[in-house]
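Me: I'm new to this one, could you walk me through a few parts of it once it's on screen?

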Amino acid sequence: MTYTTILFDLDGTLVDSGEGVLKCAELALRHFDLPIPTPEEMRTFVGPPLRDSFLRFGCTEEMAQEAIAVYRRRYTTVGKFELFVYPGIEKLLQNLTAAGCKLYVATSKPETVSVEILQHLGLARYFTYIAGADQDKGRSTKSEVIAHLLAQVGSLDGALMVGDTAYDVIGSAQHGIPCAGVSWGYGTLESIEAAHPAAIVHSTEELLAFVTG
């Protein structure tokens, strides 16, 4: 087997959380009467740390913190469940588990929310540990989340990150972990390719074949 430990991003990789994320982001931008970006531009809110996205679309540092608070008020009550699991994902998790892989989640979404979502969807049982962001502990980037995961579980032998954005490729590379980019999420193929992933896959079947060699 090529890889025995798989770290999955959440938004845009395991689940399409676009509806909830984008509704909450738009609400936060309207709170400051900021222009609402085009639908294509708004898609960039899915995946990266919220602070980075709000700064990109007109917020100052102080505004970004307030925007995050506005976003979370809706997201933690309604938005977190406005999502669906991508087709083929649960079968992929079943096949990887059967093949002896250890599975983890490494997401820039808050850890407590990530656990709640995966439990709600019935997917939490496939993962040894679900690692996510925690603003109070200064943990938001993919690299910081992976560092937190490593601190909890120790070294990850034969590890591969799986994600839909360049953030996943770059963040995992900082820990010497290669990344397979997936084309069904919210990152552009151009940006993923520019970050030099180990591979780009276009289906869960292709991802399974890449992992198992």
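Predicted model: local features only at pLDDT ≥ 70, side-chain atom pairs only at ≥ 80, totals over all residues.

Me: ok, how do helix 5 and helix 10 cross?

Reply: The axes of helix 5 (residues 89-98) and helix 10 (residues 204-212) come within 10 Å and cross at roughly 15 degrees. That makes helix 5 roughly parallel to helix 10, a label for angles under 35 degrees. Helices here are DSSP runs of H or I with at least four residues, strands are runs of E with at least two, and both are numbered from the N terminus. The axes are lines fitted to C-alpha atoms, for helices over the stretch in contact, and angles run from 0 to 180 degrees between N-to-C directions.

Me: and which residues in helix 5 and helix 10 meet?

Reply: On the helix 5 side they are I89, L92, N95 and L96, which meet T204, L207, L208 and V211 of helix 10, where contact means heavy atoms within 4.5 Å. By class, this contact of helix 5 with helix 10 has 6 nonpolar, 2 polar and no charged residues; Ala, Val, Leu, Ile, Met, Phe, Trp, Tyr, Cys and Pro count as nonpolar, Asp, Glu, Lys and Arg as charged, and the others, Gly among them, as polar.

Me: is T204 buried or exposed?

Reply: T204 counts as buried at 10% relative accessibility, since buried means under 20% relative accessible area, exposed over 50% and partly exposed in between, with a 1.4 Å probe and protein chains only. Leaving out residues up to four places away in sequence, T204 touches P87, G88, I89, L92 and W184.

Me: which residues are buried in helix 10, then?

Reply: In helix 10, T204, L207 and V211 are buried. Seen down the axis of helix 10, its buried residues fall within an arc of 55 degrees, so they line one face of the helix; the arc is that of the directions from the helix axis to the C-beta atoms.

Me: switching topic, where does D33 lie?

Reply: D33 lies in the loop between helix 1 (18-31) and helix 2 (39-42), and D33 is exposed, with a relative accessible area of 72%. Although D33 is not a glycine, D33 has a positive phi of about 55 degrees.

Me: what about phi of H196?

Reply: Phi of H196 is near 65 degrees, a positive value in a residue other than glycine. H196 lies in the loop between helix 9 (189-194) and strand 8.

Key:
Residues numbered from 1 in each chain as written. Heavy atoms only, no water. Parallel < 35°, antiparallel > 145°, perpendicular 65-115°, else oblique.
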